Amino acid sequence: GVVITGSPNNNESLSVTGSAIIAADISNNYAAIIDNDASSAGHGLKVTSDGTGAGTNLFDIESSSTTVFRVRGDGKAGIGKVSALPAALLTVSSSASDSDLAIAHKIHHIGDADTAIEFDTDNITFAAGGSEELKIASDAILVKQYIKHDGDENTLVQFADDKIVLK
């Protein structure tokens, strides 16, 4: 094999003009490894391009000639069997039988830390303003106190003191 070593402190680097290809025909090992042993602020890989549009693929990962992860120059990313990316910033795509998206615990609203959709065993909770407003459980749909009409604040269903009030 070929080993290339260097340190940015010594101004040593590997420069390639044009394309560079690392090709291998090996099993149970990686064709290339980027290893930075710095204990803090050690970066591994940076991909840069002057291309900013949908036609610029900054980073592609393929398996059996199928793109399974892509990041484009316009900021859109795709995970799964990616053939094209729609208008969404993140696309999870695959065949109908294996296109699940797994969430460990919560989906948070960026810039609004107390608004989230939370997943717990057999429950989905919707919180806004730090208050749990709606919970879907395995045996019921639970609301805090009101179900209000979006266009008319005076039209509502209120749950209070063992009674339901329709207004």
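Which residue lies over the face of Tyr146, and at what distance from the ring centre?

1. Lys148 lies over the face of Tyr146, at 5.1 Å from the ring centre; the criterion applied here requires NZ of Lys or CZ of Arg to be within 6 Å of the ring centre and within 35 degrees of the ring normal.

2. On the basis of the note: this is a predicted model, in which local features need pLDDT of at least 70 and side-chain atom pairs count only at pLDDT 80 or more, while totals for chains, interfaces and linings use all residues. Residues are numbered from 1 along each chain as its sequence is written, and side-chain values use heavy atoms, with hydrogens and water left out.

3. On confidence, the chain has a mean pLDDT (the predictor's confidence in each residue, from 0 to 100) of 84, and 89% of its residues reach 70 or more. Confidence is lowest in E4, with a mean of 83, and highest in strand E7 (residues 123–128), at 93; strands here are DSSP runs of E, at least two residues long, numbered from the N terminus.

4. An open sheet is formed by 4 strands in the order E1-E2-E3-E4, with mixed pairing, where two strands pair if DSSP finds at least two bridges between them. Its edge strands are E1 and strand E4 (90–93), each of which pairs on one side only. Neighbouring strands of this sheet are turned by 15 degrees against each other on average, direction ignored, the axes being lines fitted to C-alpha atoms, with angles that run from 0 to 180 degrees between N-to-C directions.

5. Within that sheet, E2 and strand E3 (residues 77–80) run antiparallel and are joined by 3 bridges, and Val71 stands opposite Ala77 in E3.

6. The count of aromatic pairs comes to 1, under a rule by which rings of Phe, Tyr and Trp (its six-membered ring) pair if their centres lie within 6.5 Å, planes under 30 degrees apart counting as stacked, over 60 as edge-to-face and the rest as tilted. Because the planes of Phe59 and Phe69 stand at 75 degrees, with ring centres 6.2 Å apart, the pair is edge-to-face. The pair links Phe59 in strand E1 (residues 57–63) with Phe69 in strand E2 (residues 66–72), 10 residues apart.

7. Phe59 is partly exposed, at a relative accessible area of 31%, and Phe69 is partly exposed as well, at 25%; buried means under 20%, exposed over 50% and partly exposed in between (1.4 Å probe, protein chains only).

8. Strand E5 (residues 106–109) and strand E6 (residues 112–120) run antiparallel, joined by 4 bridges, and Lys106 stands opposite Glu118 in E6. E5 and E6 form a hairpin with 2 residues between them, and Gly111 in the turn has a positive phi of about 85 degrees.
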